[in-house]
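Please look through the sequence and the model below before reading on.

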Amino acid sequence: MDKLLELNKITKRFGAVQALDGADFHIDEGEVVGLVGDNGAGKSTLMKVISGVYIPDSGTYVFKGKEQEIRSPRDASKLGIEMVFQDFALLDNLDVKSNIFLGRELYRSFLGILRVVDRKKMAEKSREIIKERLNLDISSMDDLVKNLSGGQRQGVAIGRAILFEPKLLILDEPTASLSVDKIKNVLELIHRLQDVGFSVILISHRLQEIMEVCDRVSVMYRGKIIAELDTKNTNIQEIVTYMVGGDVAVY
């Protein structure tokens with residue numbers, strides 16, 4: 001597989017805290033990579049660098065073979081990178097279609113002089129994503145998000161992220177607040193995303209889920225990636241050993 005994204009020697013400091021300390025990371029096209037590490041290891045900071053939320057202090061950012069300067073989420077989005085945050089970042093008082101198209105609304109001409117929001121086309125496109133692409137059980141695109149279950153809300157957040165066919169999707173703890181049956185749905189969804197060509201970075205503390213859906217796992221410790229493990233050739237015990245700092249010098 002061809003490399004989609006490669007980060008080299010990324011650093012990021014917040015005051016006295018060295019959040020990233022020369023971190024290297026890569027993901028190939030069509031690959032699902034799990035990112036794990038103890039609290040404070042630097043996982044979220046690294047993903048926010050990838051998605052443009054944070055600007056690194058140093059290091060290089062290479063996307064599809066070309067070095068990039070990413071200074072905002074808009075820059076990352078232009079490359080085809082979207083991130084679904086743990087809190088979903090949905091607006092409860094809006095319906096499904098309005099959340100999916102939030103900030104990227106579709107318009108139509110009215111009386112030849114006015115531009116009005118094309119809610120019908122937004123509903124049609126939202127239904128295509130929610131029902132056909134993601135196979136989610138949401139009855140109407142007019143349903144208010146505040147009335148949806150946790151799994152349905154997760155689906156809306158992912159639907160918004162894949163609206164314009166990104167090349168890379170970052171999922172931050174997507175199953176953290178879900179019931180067992182909804183967790184199964186999200187893992188199946190990740191498999192479907194890979195099947196249609198998406199690359200996915202999965203941040204999770206649930207190592208069994210990482211082993212189930214990921215091709216490879218990157219382990220962070222004190223701001224660095226200290227191990228890259230093929231999930232077919234490792235086990236949870238080995239991953240945990242790296243997470244707590246064991247065998248750091250091996251990688």
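A salt bridge is here a side-chain nitrogen of Lys or Arg within 4 Å of a carboxyl oxygen of Asp or Glu. By this criterion the structure holds 14 salt bridges. This is a predicted model, in which local features need pLDDT of at least 70 and side-chain atom pairs count only at pLDDT 80 or more, while totals for chains, interfaces and linings use all residues. Residues are numbered from 1 along each chain as its sequence is written, and side-chain values use heavy atoms, with hydrogens and water left out.

**The chain as a whole**

The secondary structure comes to 8 helices and 12 strands, where helices (H or I, at least four residues) and strands (E, at least two) are DSSP runs numbered from the N terminus. The radius of gyration of the chain, taken over C-alpha atoms, is 19 Å, close to the 18 Å that the globule rule gives for 251 residues, so the chain is as compact as a globular protein of that length. The globule rule used for this is 2.2 Å times the number of residues to the power 0.38. Along the principal axes, the C-alpha atoms fill a box of roughly 65 × 40 × 35 Å. Of the 251 residues, 47% count as buried; buried means under 20% relative accessible area, exposed means over 50%, and partly exposed lies in between, with a 1.4 Å probe and protein chains only.

How many of the residues of strand β9 are buried? In strand β9 (residues 168-172), 5 of the 5 residues are buried, so this strand is largely enclosed by the rest of the structure. In a regular strand the side chains alternate between the two faces of the sheet. Both faces of β9 are covered, with L168, I170 and D172 buried on one side and L169 and L171 buried on the other.

Two strands pair if DSSP finds at least two bridges between them. Strand β6 (residues 81-84) runs parallel to β9 and is joined to it by 4 bridges, and V84 has L171 as its bridge partner in β9. Strand β10 (residues 199-203) also runs parallel to β9, with 5 bridges between the two, and here L171 stands opposite L202.

Together with helix α6 (residues 180-195), β9 and β10 make a right-handed β-α-β unit; right-handed means that, with the strands pointing away from the viewer, the path from the first strand over the helix to the second runs clockwise. In the loop between β9 and α6 lies E173, which is buried at a relative accessible area of 9%. E173 and L202 are 29 residues apart in sequence, while their C-alpha atoms are 7.3 Å apart in space. D195, by contrast, lies in helix α6 and is exposed, with 66% relative accessibility.

**Charged pairs**

| Pair | N to O distance |
|---|---|
| R104 and E82 | 3.6 Å |
| D95 and K97 | 2.7 Å |
| E228 and R216 | 2.6 Å |

R104 is partly exposed, with a relative accessible area of 24%, whereas E82 counts as buried at 16%. In the second pair, D95 is buried at 12% relative accessible area, and K97 is buried at 4%.

The salt bridge between E228 and R216 links strand β12 (residues 224-230), which holds E228, with strand β11 (residues 216-221), which holds R216, the two residues being 12 apart. Both E228 and R216 are buried, and salt bridges that share partners join E31, R216 and E228 into one network.

**Backbone angles at single residues**

Most residues other than glycine have a negative phi, and most peptide bonds are trans. K9, in strand β1 (residues 3-14), has a positive phi of about 55° although it is not a glycine, and K9 is exposed, with a relative accessible area of 54%. E165, found in the loop between α5 (150-161) and β9, likewise has a positive phi of about 55° without being a glycine, and E165 counts as partly exposed at 45% relative accessibility.
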